[in-house]
Every structure is written in C-alpha cells, then in structure tokens.
Amino acid sequence: RIGKVGYMPPEAYARKKYDARLADVYCLGIMLFMMLIGAPIYQMPHPQQPAFKYMINGKLSEILKHWKRLRIVTVDAMDLLNNILRYESKRFTLE
C-alpha cells in the first residue's frame, strides 16, 4: 500500500487491483471533504466503519446531519462528493 490510510480508496486498502487515476479522484474527494468540513470522514476505508458504510453508499448527508454540519455544504458540493466517494465502478472519472 502507498499513501496514508485515511486517503486511500477502498480498493487500495483491500489490496485489490485498482485504476490509479480513479484512486486519485477518490483522494481528491477526501481532501475536498476535509476542506469543507474540517475533519476526516473515517479512520480507514473499511465496510465495518459506520461512517465509511454511509459514505460509500452515497449517504454523506446522513453523516453530516449527525455531526450537525449539513448546512455548511451546498447541494452541488454534496452531489460531487457523493459521486466521487464511491467504489471505483461507480466513481466519477476525469473524463
């Protein structure tokens, strides 16, 4: 594995084959989330982490509602994050 665990896409964390470009897109999504919210989403990208499970299923708003930070993220930013912070097969690409 390369990089810090908190920025790794789930495919890299699970040591599966992955597209490096899509891994970079995921990492950018993590950085955008932290710039907007000021805190990381989870400790590691693993399905047993409750926040990761919500995030990977496109339910970031549920996490932010629980953290009382939903109002600081625009609808467009939430849509972008929900489409970036997904498993590789559903993730936005650079194209």
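Here are some friendly notes on the charged and aromatic side-chain contacts in this predicted model.

1. Let's start with the charges. Side chains of opposite charge can pair when their charged atoms come close.

2. Next comes Asp 19, which forms a salt bridge with Arg 21; here the closest N and O atoms are 3.2 Å apart. Asp 19 is partly exposed, at a relative accessible area of 23%. Arg 21 is exposed, because its relative accessible area is 53% and the cut-off for exposed is over 50%.

3. The remaining salt bridge joins Glu 62 to Lys 65, with 3.8 Å between the closest N and O atoms. These two residues are three apart within helix H4 (residues 60–66), so about one helical turn separates them. Glu 62 counts as partly exposed, with 36% relative accessibility.

4. Now for the rings: how many aromatic pairs does a search of the whole structure find? There are three. One of them is Phe 33 with Trp 67, an edge-to-face pair with 6.1 Å from centre to centre and 65° between the planes. Phe 33 is in helix H2 (residues 20–37) while Trp 67 is in the loop between H4 and H5, so the contact ties together parts that are 34 residues apart in sequence.

5. Tyr 42 and Phe 52 make another aromatic pair: their ring centres lie 5.6 Å apart and their planes meet at 85°, so the pair is edge-to-face. Distant parts of the chain are linked here, since Tyr 42 is in the loop between H2 and helix H3 (50–56) and Phe 52 is in helix H3, 10 residues apart. Tyr 42 counts as buried at 7% relative accessibility, and Phe 52 is buried as well, with a relative accessible area of 1%.

6. Tyr 42, Phe 52 and Tyr 87 together form one aromatic cluster.

Key: Residues numbered from 1 in each chain as written. Predicted model: local features only at pLDDT ≥ 70, side-chain atom pairs only at ≥ 80, totals over all residues. Heavy atoms only, no water. Salt bridge = Lys/Arg side-chain N within 4 Å of Asp/Glu carboxyl O. Buried < 20%, exposed > 50% of the residue type's maximum accessible area, 1.4 Å probe, protein only. Helix = DSSP H or I, 4+ residues; strand = E, 2+ residues; numbered from the N terminus. Phe/Tyr/Trp six-rings, centres within 6.5 Å; stacked < 30°, edge-to-face > 60°.
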